[in-house]
Amino acid sequence: MMLNPVGRQLLARLGGVDEQVLVRALPAFGDGPHPTPPGMPAGPGEAAWPDTAAGRWKVASAGEYGPVAYGCRLCTAARTGHDTVVVRYVAPWQRVCARHQRWMQTCGDGHRHRNLDLRASPEVAAAQRAWPKVARTAAAADADPGRVFALTHAVVCAWWEQALGWERERIWPARLHAVAGGDAGPRFWWWRVVTRDAVTFPETVTLAAVLLDPGVQERIWDDHGRGGPVRPFRPDGAFLRELAVRLERPWLAKCEQAAERGLVLEGPLHAGPLLDCMGAFTRIRRGQQHSKGYGLDPWWLRAEHRPASARVQLRALAERVAAARHAGEDRAARPGGGTFAARRLFRDRDGRATTAYYRAR
């Protein structure tokens with residue numbers, strides 16, 4: 001509810017709380033409808049007179065006042081005695097309820113799960129406890145912790161899409177199935193969208209710590225030629241070997257020689273945002289200049305590299321299912337046509353390749 005100035009004063013008086021306290025607690029408290037000018041008709045939720053309390057409903061937005069997530073259901077029930085829906089302004093690195101081991105999902109993602117159970121994946125909560133140290137390291141290096149998190153999250157989400165082809169991957173499949181309640185079953189693809197941010201959160205924090213490490217930045221500089229002739233980043237270079245070890249996946253750096261693409265050799269850890277970050281580190285060390293600073297900000301994230309939200313992914317998944325259903329109907333209508341089934345490859349809880357068949361009807 002967005003209140004006008006008179007409405008805000010009334011709320012503060014009824015609650016016995018100073019308005020300045022409410023401003024600090026509620027980012028949107030200072031916004032609201034303004035009085036309608038004399039002689040003009042009052043619109044919905046607007047006050048016709050300056051001394052009339054008025055308000056209007058507004059759906060919580062993740063982009064206007066900060067990320068909005070559903071509060072922990074168990075905390076809410078303990079305090080209110082009811083299973084009431086509560087939304088909070090919560091940063092993406094503060095989504096774990098430490099008391100009940102629940103992940104607070106982003107509002108408006110288009111699914112019914114407000115929280116995810118993390119009791120079988122304690123490493124997610126451990127990553128949240130580790131983040132404040134990473135944030136302090138970023139601040140000490142004159143980097144905005146929020147921008148650092150956004151870039152590393154984009155990198156890890158790119159890996160998340162590639163990981164379906166990582167034959168030796170075991171960590172993410174096991175964690176995904178655990179967060180999904182023990183086994184995602186035939187709804188694997190749906191759960192893969194809904195649990196992505198929770199499942200990849202430990203790797204996001206780990207990558208942020210790695211990129212902020214001066215020693216690791218020195219390895220990036222070594223791999224690029226240390227001021228001599230520019231060398232392409234190799235998938236088996238010192239930096240990516242160190243990164244694979246920190247990610248507890250040393251086999252990621254033991255890949256076959258990849259095909260050259262410009263000045264970059266593609267590998268299993270290839271990701272556009274990561275290459276942008278590495279390139280910025282080396283350009284800064286080489287003393288390259290640009291009148292507008294282009295390419296010199298390691299934490300700059302291109303718009304096209306921002307990961308798709310769960311809402312967008314679920315919509316795309318629904319469209320694929322609908323297209324498969326229509327294709328099945330067309331096939332069944334033709335002479336000799338059979339019932340359509342979509343065959344998809346996914347990873348089971350142990351990381352083994354498994355095939356699932358989705359019948360159109």
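Is F149 buried or exposed? With a relative accessibility of 6%, F149 counts as buried, because the cut-off for that label is under 20%. Keep in mind that this is a predicted model.

## A pair across the chain

A pair of aromatic rings is described by the distance of the centres and the angle of the planes. In total, the structure holds eleven aromatic pairs. In one of them, F149 and F201 have ring centres 6.2 Å apart and planes at 50 degrees, so this pair is tilted. The two partners come from distant parts of the chain: F149 belongs to helix 5 (residues 145–162), F201 belongs to helix 8 (residues 196–211), and 52 residues separate them.

Like F149, which is buried at 6%, F201 counts as buried, with a relative accessibility of 1%.

## Neighbours in sequence

Next come F188 and W189. Their ring centres lie 5.3 Å apart and their planes meet at 85 degrees, so the pair is edge-to-face. What about their surroundings? F188 is buried at 3% relative accessibility, and W189 is buried too, at 12%.

## Charges over rings

Rings also meet charged side chains here. R187 places its charged end over the ring of W190, at 4.1 Å from the ring's centre. In another such contact, R249 lies over the face of W172, 4.9 Å from the ring centre.

How values were computed: Residues are numbered from 1 along each chain as its sequence is written. This is a predicted model: local features need pLDDT of at least 70, side-chain atom pairs count only at pLDDT 80 or more; totals for chains, interfaces and linings use all residues. Side-chain values use heavy atoms; hydrogens and water are left out. Rings of Phe, Tyr and Trp (its six-membered ring) pair if their centres lie within 6.5 Å; planes under 30 degrees apart count as stacked, over 60 as edge-to-face and the rest as tilted. Helices (H or I, at least four residues) and strands (E, at least two) are DSSP runs, numbered from the N terminus. Buried means under 20% relative accessible area, exposed over 50%, partly exposed in between (1.4 Å probe, protein chains only). A charge sits over a ring if NZ of Lys or CZ of Arg is within 6 Å of the ring centre and within 35 degrees of the ring normal.
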